[in-house]
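Subject: Structure handover

Hi,

My notes follow below it.

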Amino acid sequence: MAESPGIFPSPSGGGQGGGRVDAIVVGAGPNGLAAAIALATAGKSVAVLEAESTIGGGTRSEALTLPGFIHDTCSSVLPLAPPSPFFRTLPLSQHGLTYDHPAIPLAHPLDDGSAAVLDRSVAVTASGLGRDATAYRRLMDPIVRHADLLTSQFLGPPRPSAHLVTLARFGIPALRSAAALAASRFRTGEARALFVGLAAHSMLSLRRPATASFGLVLACAGHAYGWPFAHGGSQRVADALAAVLQARGGTIATDSKVGGMQQVSRGRVVLFDLTPRQILPIASGQWPDGFSRQLQRFRYGPGVYKVDWALDGPIPWRADACRRAGTVHVGGSFDEVVAAEDAVAAGEVAERPFVILAQPTVADPTRAPGGKHVGWAYCHVPNGSTVDMRERIEAQVERFAPGFTSRILARYVMSPAEIERRNANYVGGDINGGIADLRQLFIRPTPRLYATPNRQLYLCSSSTPPGGGVHGMCGYYGGRTALRRARWS
Ligand SMILES: Cc1cc2nc3c(=O)[nH]c(=O)nc-3n(C[C@H](O)[C@H](O)[C@H](O)COP(=O)(O)OP(=O)(O)OC[C@H]3O[C@@H](n4cnc5c(N)ncnc54)[C@H](O)[C@@H]3O)c2cc1C
């Protein structure tokens, strides 16, 4: 990928060069860049220090397999980027970020050759669910009608709202477990499988309270905004954010891993786009021990095992809808998806894992040479698992797309350890910056959220609300908290 404008590798490798600045942001993931933009927009001087040689964190793209094939190293499907209240205020399209929408956001194939489909339209989705058409509309219509309100409420820290009735319509079903909600609201295998597949993005047992919230938010996003890809690769999200930051006076230094406070001493405030595990060795002497203990108690969730493929043609799905979908949930029936996620929660790998697969070239042919395709897939595994899941992932895809494996030209495999090696934030392969169970959804990573007992130090990574995903809202709220507490706003 082309290097972003205005990014300079630090000659010292430590990013200490330069004079005093108002703020230093450690980490150039989407949240670090969003925090930096929030501060720069308020007129503050900002320097971002990034450990790796390229910016983007979870929004990087690389030629992982063969020349001409662009793969998203981490995030690929971006349901939370278009509705992000902060991203919507930024001129990202002027800096090269456009979204490619597949004809169908999501399909979930079943063994009989059919597929449950999440279409952009609630009505079309419902009509595909047969006897569950009315139940689906009853569940989703009131939520999708208020999508803007709900996304701005849920893409942020918990806070009071004047729209209690609307929020309750979402909140009451959302607090249930995904398995209980699907089993009580739906009668067909298609609707039940579709819903638990959506909720499985929580990376929790689907029998746990509030896992339904993930299914509802992601379905709502699919209907209201789509599940697009960034044209040209997710790196374009980071590049556009970096360009906005540079236009507002901010700077970024790559190859600048921060290992101690002396490297950030020229900042009046410091914001960490890091998870508690990396923040502690850098900053634990900067606040009372009790706060360090709170950070130590922060819990990480399961990891992921990922495979990227260069393919010599499209994936030959049996169900036609899967051929047009950007994302395909490959895990079979309701019972199988629930069992696969239960296994991971119990510290085991699933024999038939639930695989989240994206096929960006269905919507964006620029990512592969003419007629060729890329595939991106991962399954959940216990944190730090060393089990090789490649064959199991490919067997699941082959099950619903016979002939798939013969289309593989090259593959790139990432175990949880490799994912963490590429980005220290992904502890044990946890891609969400910490488990998002009911407690850590709201108290994340401590009751202070973005603040610390030290008015100079702040948190802005996905270990703060609203958690994982490409939306920049952790960074935005982290930046705002710093502005407020430093009495700059
Ligand atoms: C395999 C995978 C698939 C994913 N799929 C999706 C998806 O499809 N859709 C979606 O919305 N989200 C997805 N995510 C999640 C999403 O990428 C993250 O939630 C998001 O990137 C978090 O942003 P962040 O800015 O908080 O942290 P990150 O993006 O992780 O950025 C943190 C940055 O800090 C840097 N850093 C770490 N330590 C230091 C240090 N000591 N000094 C300086 N810099 C440091 C890292 O190199 C990194 O650049 C996926 C993640 C992974 C790994």
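Predicted model: local features only at pLDDT ≥ 70, side-chain atom pairs only at ≥ 80, totals over all residues.

- An oxygen atom of the ligand sits 2.9 Å from a polar backbone atom of serine 462.
- A nitrogen atom of the ligand is 3.0 Å from a polar backbone atom of valine 258.
- For proline 30, the distance from a polar backbone atom to a ligand oxygen is 3.3 Å.

How much of the ligand does the protein cover? On its own, the ligand has 990 Å² of accessible area, and the protein covers 96% of that.

Next, helix α13, residues 334-345. I checked its length. With 12 residues at 1.5 Å a residue, α13 should span 16 Å; the end C-alpha atoms are 17 Å apart, so the two agree. Its buried residues are Phe334, Val337, Val338, Ala340, Glu341, Ala343 and Val344. Note that a glutamate, Glu341, is on that list. What covers these residues includes β7 (104-109), α6 (178-185), α7 (189-199) and β15. Just after α13, glycine 347 has a positive phi of about 85 degrees.

Now threonine 275. It is placed in the loop between β11 (267-272) and α10 (276-283). Is threonine 275 buried or exposed? Its relative accessible area is 1%, so it counts as buried. Its side chain makes a polar contact of 2.6 Å with the side chain of tyrosine 300. Leaving aside neighbours within four places in sequence, threonine 275 is in contact with Tyr300, Asn425, Val427, Gly433, Ser461 and Ser463.

From leucine 164 to valine 269 it is 105 residues in sequence and 36 Å in space, C-alpha to C-alpha.

Some backbone geometry to check before you set anything up. There are cis peptide bonds to keep in view:
- Arginine 444 to proline 445 is cis, with omega near -10 degrees. Proline 445 lies in the loop between α16 (438-442) and β17 (457-459).
- Proline 465 to proline 466 is cis, with omega near 5 degrees. Proline 466 is in the loop between β17 and α17 (473-485).

Alanine 210 has phi of about 70 degrees. Its place is the loop between α7 and α8 (211-224). At 4% relative accessible area, alanine 210 is buried. Leucine 449 has phi near 55 degrees. This leucine is in the loop between α16 and β17, where proline 445 also lies. With a relative accessible area of 16%, leucine 449 falls under the 20% cut-off, so it counts as buried.

Best wishes

Key:
Residues numbered from 1 in each chain as written. Heavy atoms only, no water. Polar contact = N/O pair within 3.5 Å; in protein donor to acceptor, adjacent residues only side chain to side chain. Areas by Shrake-Rupley, 256 points an atom, 1.4 Å probe, with all protein chains shown as cover. Helix = DSSP H or I, 4+ residues; strand = E, 2+ residues; numbered from the N terminus. Expected span 1.5 Å × (residues − 1). Buried < 20%, exposed > 50% of the residue type's maximum accessible area, 1.4 Å probe, protein only. Contact = heavy atoms within 4.5 Å.
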